[in-house]
Amino acid sequence: MQVFSELSQLLFPTRCYGCNAIGISICSNCRRAWHPHYYLTHIGGLRVNSAVLYSPTASKIILAAKERGLKGADELIIDAIVHVLSRANFDKHNVRLVPIPSSAINRRRRGRSFIPDICDEISERTSIPVIPALRILRKVKDQSTLSAPARTKNMHGAFGIAQKIYPRGDLILIDDVVTTGATVCEAARALNSHGFAVLGSVTACVAQPLR
Ligand SMILES: [Zn+2]
């Protein structure tokens, strides 16, 4: 086993998710850009609690988890969200986590549902239940190159309620990054319009707002 692990390190050395340097999964330089703090933003009446300011390093860590399925990068995102959940002072016994769902295309491409999977792990760590209450009703564009108004339009009416579920307690939306808030605000709107109480959102990263 030892030999195998040494051989695999030789062939596929561990690299930093942020800068690709050989060594550990996050080097001390990149750790500075990914060090969970606590940021509170108000977007369209929604309280968004986040751990890390979005940066080129944060973007690489998110992509390593999301697009390359690297477990260690998942762990960094999970740690960040768990950190915020503990800092935000939610009533642990009365809240439920609602993951932002992935589109069918992304689910197929990645072989998993990114945020729902992350939420399951967070639930195991925190004992806060997960309610997969949302589903995507129609095709949405990749938002990375869209302006703030285009994002709002892109997400408008995109979410529906996944099934007949009547969760008690307050809901917390979970996502990887908040930029304009178009996604979490639309998700909150869909849930509110079905009579659910959304307490706010928790994301790993918060980006500078777009115009
Ligand atoms: Zn690095």
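Predicted model: local features only at pLDDT ≥ 70, side-chain atom pairs only at ≥ 80, totals over all residues.
Where is asparagine 89 found? Asparagine 89 is found in the loop between helix H4 (71-87) and strand S3 (95-99).

Residues are numbered from 1 along each chain as its sequence is written, and side-chain values use heavy atoms, with hydrogens and water left out.

View 1. Cysteine 19 sits in the loop between helix H1 (2-11) and helix H2 (28-33), and cysteine 30 in helix H2, so the pair ties together parts that are 11 residues apart in sequence. Helices (H or I, at least four residues) and strands (E, at least two) are DSSP runs, numbered from the N terminus. Cysteine 19 is partly exposed, at 43% relative accessible area. Cysteine 30 is buried, at 6%. Buried means under 20% relative accessible area, exposed over 50%, and partly exposed in between (1.4 Å probe, protein chains only).

**View 2. Glutamine 9 in helix H1.** Glutamine 9 is partly exposed, with a relative accessibility of 39%. Glycine 23 lies 14 residues from glutamine 9 along the chain. Their C-alpha atoms are separated by 9.8 Å.

**View 3. Valine 82 in helix H4.** Valine 82 is buried, with a relative accessible area of 19%. Valine 82 touches Ile122, Arg125 and Thr126, leaving aside residues up to four places away in sequence. Contact means heavy atoms within 4.5 Å. Histidine 93 is 11 residues from valine 82 along the chain, with 15 Å between the C-alpha atoms.

**View 4. Isoleucine 122 in helix H6.** Isoleucine 122 is buried, at 0% relative accessible area. Ile78, Ile81, Val82, Leu85, Leu97 and Ser127 touch isoleucine 122, not counting residues up to four places away in sequence. From isoleucine 122 to alanine 158, the C-alpha separation is 25 Å across 36 residues of chain.

**View 5. Two residues with positive phi, asparagine 89 and serine 127.** Most residues other than glycine have a negative phi. Asparagine 89 has phi near 60 degrees. Asparagine 89 is exposed, at 68% relative accessibility. Serine 127 has phi near 65 degrees. Serine 127 lies in the loop between helix H6 (114-126) and strand S4 (134-136), and is exposed at 58%.

**View 6. Alanine 104 in helix H5 (residues 104-110).** Alanine 104 is partly exposed, with a relative accessible area of 38%. Alanine 104 and histidine 83 are 21 residues apart in sequence. In space they are 30 Å apart, C-alpha to C-alpha.

**View 7. The crossing of helix H7 (residues 148-155) and helix H8 (residues 182-193).** The two axes come within 9 Å and cross at roughly 35 degrees. Axes are lines fitted to C-alpha atoms, for helices over the stretch in contact, and angles run from 0 to 180 degrees between N-to-C directions. The crossing of H7 and H8 is right-handed. A crossing is right-handed if the near helix is turned clockwise from the far one by less than a right angle, and left-handed if anticlockwise. Arg151, Thr152 and Met155 in H7 meet Ala182, Thr183 and Glu186 in H8. By class, this contact has two nonpolar, two polar and two charged residues. Ala, Val, Leu, Ile, Met, Phe, Trp, Tyr, Cys and Pro count as nonpolar, Asp, Glu, Lys and Arg as charged, and the others, Gly among them, as polar.
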